[in-house]
Amino acid sequence: MPYAYDTQNVFARILRGEIPCDKVLETEHSLAFRDIAPQAPHHVLVIPKGAYVNYDHFALEATDAEIADYTRAIGRVCEMLDIRPGADGDGYRLISNAGEVAVQEVPHLHIHILGGRPLGRMLQKAAG
Ligand code: AMP
């Protein structure tokens with residue numbers, strides 16, 4: 001186990017029902033809810049129910065069932081939000097921050113789904 005999982009992180013507390021969330025979708029292995037500080041008209045976080053710190057932890061150690069469920073959950077949220085480009089919307093961006101350089105604030109894997117406005121380029125150039 002390469003990562004120590006902090007069982008007191010805010011998403012672990014949401015999963016235990018200790019604090020509320022604005023739920024969008026719940027499946028056997030995944031939960032999707034609206035970000036508390038949305039950065040776009042659509043800003044949903046999708047998390048696995050298992051204790052995974054970030055994406056590589058999940059991708060390397062989760063079961064096939066967890067990975068399939070999580071991937072489908074992300075697709076279903078895009079469908080529910082009507083943001084699929086060419087299908088029913090204008091597109092979206094998926095972001096998953098991991099570790100210090102990406103400024104990951106919550107140490108439980110989450111994928112941000114952002115949409116509903118032009119999102120600009122993927123990264124800004126570093127200053128200097
Ligand atoms: P990151 O920097 O990728 O770790 O992003 C963490 C995200 O979690 C931020 O966008 C926060 O606004 C969001 N967040 C923190 N606490 C909550 C909460 N209780 N409910 C929903 N979103 C939250």
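I started with Tyr52, which is buried at a relative accessible area of 10% (buried means under 20%, exposed over 50%, partly exposed in between, with a 1.4 Å probe and protein chains only). Phe58 counts as buried too, at 2%.

Before going on, I noted that this is a predicted model, where local features need pLDDT of at least 70, side-chain atom pairs count only at pLDDT 80 or more, and totals for chains, interfaces and linings use all residues. Residues are numbered from 1 along each chain, and side-chain values use heavy atoms, without hydrogens and water.

Next I looked up aromatic pairs (Phe, Tyr and Trp rings, the six-membered one for Trp, with centres within 6.5 Å; planes under 30 degrees apart are stacked, over 60 edge-to-face, the rest tilted). I got three pairs. Phe11 and Phe33 sit 5.4 Å apart by ring centres with planes at 75°, so they are edge-to-face. Tyr52 and Phe58 are also edge-to-face, at 5.2 Å and 80°. Tyr52, Phe58 and Tyr70 make one aromatic cluster.

Which residues does Val77 contact, leaving aside neighbours within four places in sequence? I found Val24, Leu25, Ala32, Val44, Val46 and Ile113 (contact means heavy atoms within 4.5 Å).
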